[in-house]
There are 2 protein chains.
Amino acid sequence: MAVKSKKIFLDEKDIPRQWYNIQADLPEPLDPPYNVQAGRPATAEDFSAIFPPEIIKQELSAERFIDIPDEVIDAYKIWRPSPLVRATNLEKFLDTPAKIYFKNEGVSPSGSHKSNSAIAQAYYNKKAGVKRLATETGAGQWGSALSMACQMFGLECVVYMVKVSYEQKPYRKSLMQVYGAQVFASPSNQTEVGRKVLAENPNSEGSLGIAISEAIEDVVTHKDAKYSLGSVLNHVAMHQTVIGLEAKKQLEIAGDYPDIVIACLGGGSNFSGTAFPFLYDKLSGKVKNLKAIAVEPSACPKLSKGVLAYDYGDSSGFTPALKMYTLGHTFMPGGIHAGGLRYHGASPLVSALVKHNLVDPVTVRQKEVFEAAVTFARTEGILPAPESAHAIRVAITEALKAKEEGKSKTILFNLSGHGHFDLSAYDNYLSGKMQDYDYPSELVCESLKHLPKTK
Amino acid sequence: MAVKSKKIFLDEKDIPRQWYNIQADLPEPLDPPYNVQAGRPATAEDFSAIFPPEIIKQELSAERFIDIPDEVIDAYKIWRPSPLVRATNLEKFLDTPAKIYFKNEGVSPSGSHKSNSAIAQAYYNKKAGVKRLATETGAGQWGSALSMACQMFGLECVVYMVKVSYEQKPYRKSLMQVYGAQVFASPSNQTEVGRKVLAENPNSEGSLGIAISEAIEDVVTHKDAKYSLGSVLNHVAMHQTVIGLEAKKQLEIAGDYPDIVIACLGGGSNFSGTAFPFLYDKLSGKVKNLKAIAVEPSACPKLSKGVLAYDYGDSSGFTPALKMYTLGHTFMPGGIHAGGLRYHGASPLVSALVKHNLVDPVTVRQKEVFEAAVTFARTEGILPAPESAHAIRVAITEALKAKEEGKSKTILFNLSGHGHFDLSAYDNYLSGKMQDYDYPSELVCESLKHLPKTK
């Protein structure tokens, strides 16, 4: 069949009206979050200091479809529905019989899929009378998305940005400031936690753990303030399902259905959003042979090499513990450029699906990822984020496998973001200085000793 | 009428099949380019050393519509048709009865409208057996666009990038390298011209004039090499008309027609591409009251304050002279962040239209431009390039005027590019350190003494 159209657009009226909540269809219910301090499962009350009621309800809900409020859909209209693109030039370059489609989430104003949940979270907080949202950010994609979302709904936004990123990625900080957010290099002198760290070590480069503690202290010490998280949790994964729900409609227009769905995995929100709507077809028996691949970096392979256990969401142990594949919350991955994938654990939902063999984890190494990224930029024109390039790497591998086998597979991957703020990483690759990082088994063994105790 | 859709997309089959050549409809024919050295009007032969035949033909053609080759349309499909967006959030923020639409050319892979001509030029050069294209770039939008276009058509691309930009905007350079281009900081040791400058001053920061000379020497000293220019010339302006042609179709779908069309003007390609298809309606008597506004920075107001005269296209006087509004080719504008607008002259086509009062020039100052840029980012989400923000500034001013007058005007502007590589400029604005630049009348008077002599 001839390619009719390279890009498949939907109308704004085709923006999904409901998110898909895969909790309704899991082979067995999730283990609940655990309050380690209290020695019991966490309750809705445990979350009420940091999240508004509607978010907590979604986090714990087993309802299959949850309505998207009109105000959220209106905000989505700035960039949604995002295009589904047939990677015709890449296919030609690879000389593969496979059909490669990608969903382009890089068209969002903040540059990545993160806006899908940021908009929803800002809306629910606004509705609950919250005036101020605090969060932490590492590489800055989440911070940018939340800054923009808060601006749209008239909320103050405070971002604690890990100091080493604040200094190395000053433009991500600038983008958040353009969107009206206050951005503090963490450790900051805004909080007790920050001041204490600075007193001990004025040159501290910070960590995501410290930044989370600062954000949570900010919430507790300010009136009408709440906290916002960009991945891992169930409600965040659910908000992202607009990606896969749109992609399904677009593939239907193309007269296609994927054999393989691919997305990279950091905390899990991008993978969830892309794959869950297709996994729904598998869980409900509608399709049989769907392969869902979660791509992780060799430097941080929690799904492939971690253990399924209760662990903290942050490196300092402030959050409730979640049942997830983890490398241990004290594990520090090597300095790969895909900062969004340097997280020790995987979303409890994705973890449960991996346990039941419904999701296949695959690890890839940094240099082969950037090789794929450059090939993609040179054929399809778009510069991918290093995170998204992990998915491109596996899409290319699968397309070449199809060529070898002489089979016409249909491959879908999510281009979760653009790489306009990541060109120093490309420089590092093109100059031949890029390192690969192997699985650091010794470090993992050490960090797994620090898993929290549950009863 | 209720807003039906925020964004208006066209199908790929609606990509224009012909460019519009306004040379067919000018009130009087253009004065020809002038070969100053030979003391006579320039001929097609004068251009044949640096341009392929099809480009020269287009440059001198008076045919109204020129077919777009299928191969160019196929490459356009990577991002075209670009969306037309109703700036509903900005309208609400301004509380204006005006309807504000913008065409978003920032969705191109290189980040700006420049790709529209880069693709066409790479195609015609490839077709003519050219193996290598050389060009110069200042801020880097044109260099990025040509690098990507050359990659698509299998041409070598060599970019001489003004050294001060090469050092201050390293990521634009990196993007060109990802697209496979060779990028040299100019003055370079690749050419006689460059070596001579370096011998005299090893710390030279370079200039666009030097970079053009290096690119032209590169062409002359390499086999099967040609030169490529990103603005000013007639064929470049014509390639850009896909912008306005698409916008007309999209406004028709919205049931609208602009009272005011606005675009920023550096060399003139962006303004031409946006406005010419609408000016066609005016020139053919189809509409009467269309206002076409070319926005220039107060630091470089060639249309508002320059003279209409023959002048060189480059600061060193290597090119044929063109009849255009100019501030003098030796004029050095103040260091505004909108690097793409720091050019001494305006395209001969736009200049002719200004002479006949068919285009209204407006000048704006840097700080009010960035104020508009931030307002736009905070309402519509998209971070604009500083160049494009000049158009936003005037669109906002016109919308507020409509509010004052209680009139419902329809305003269209072109968002020529995104600002992801311009965040240091935003930093400069947000930190309160930004300067305004006034019209430097003394410098202009001085530079106007150096206009070339014609018979």
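Predicted model: local features only at pLDDT ≥ 70, side-chain atom pairs only at ≥ 80, totals over all residues.
Me: Which residue does A:Lys7 form a salt bridge with?
Reply: A:Lys7 pairs with B:Glu12, and their closest N and O atoms are 3.0 Å apart.

Me: What about residue pairs in polar contact across that interface, how many?
Reply: The rule finds 19 of those between chain A and chain B, counting pairs with both residues at pLDDT 80 or more.

Me: Ok, and which elements give two or more residues to chain A's side?
Reply: Four helices of chain A do that: helix 6 (141-153), helix 8 (170-178), helix 16 (366-380) and helix 18 (423-430). Helix 8 of chain A gives the largest share, six residues.

Me: How do the residues on that side divide, nonpolar, polar or charged?
Reply: On the side of chain A that touches chain B, 19 are nonpolar, eleven are polar and nine are charged.

Me: And how many residues does each chain bring to the contact?
Reply: Chain A brings 39 residues and chain B brings 39 residues.

Me: What's the area buried between them?
Reply: About 3,300 Å² is buried between chain A and chain B, and carbon and sulfur atoms give 60% of that.

Me: New topic. How many salt bridges are there over all chains?
Reply: A search of the whole structure finds 60. One of them joins B:Asp256 to B:Lys99, with the closest N and O atoms 3.0 Å apart.

Me: Where do those two sit in the chain?
Reply: They link distant parts of it, 157 residues apart. B:Asp256 is in the loop between helix 12 (242-253) and strand 12 (260-264) of chain B, while B:Lys99 is in strand 7 (residues 99-104) of chain B.

Me: Is B:Asp256 buried or exposed?
Reply: B:Asp256 is buried, because its relative accessible area is 13%, and the cut-off for buried is under 20%.

Me: What about B:Glu398 and B:Lys401, where do they lie?
Reply: Both are in helix 17 (residues 386-405) of chain B, three residues apart, which is about one turn of the helix. B:Glu398 counts as buried at 9% relative accessibility, whereas B:Lys401 is partly exposed at 37%.

Me: Last one: which residues are linked with A:Arg80 in a network of salt bridges?
Reply: A:Lys103, A:Glu105 and A:Glu246 are in that network with A:Arg80.

Methods
Residues numbered from 1 in each chain as written. Chains lettered and ligands numbered in written order. Heavy atoms only, no water. Contact = heavy atoms within 4.5 Å. Buried area = accessible area lost by both parts, 1.4 Å probe. Salt bridge = Lys/Arg side-chain N within 4 Å of Asp/Glu carboxyl O. Polar contact = N/O pair within 3.5 Å; in protein donor to acceptor, adjacent residues only side chain to side chain. Nonpolar A, V, L, I, M, F, W, Y, C, P; charged D, E, K, R; others polar. Buried < 20%, exposed > 50% of the residue type's maximum accessible area, 1.4 Å probe, protein only.
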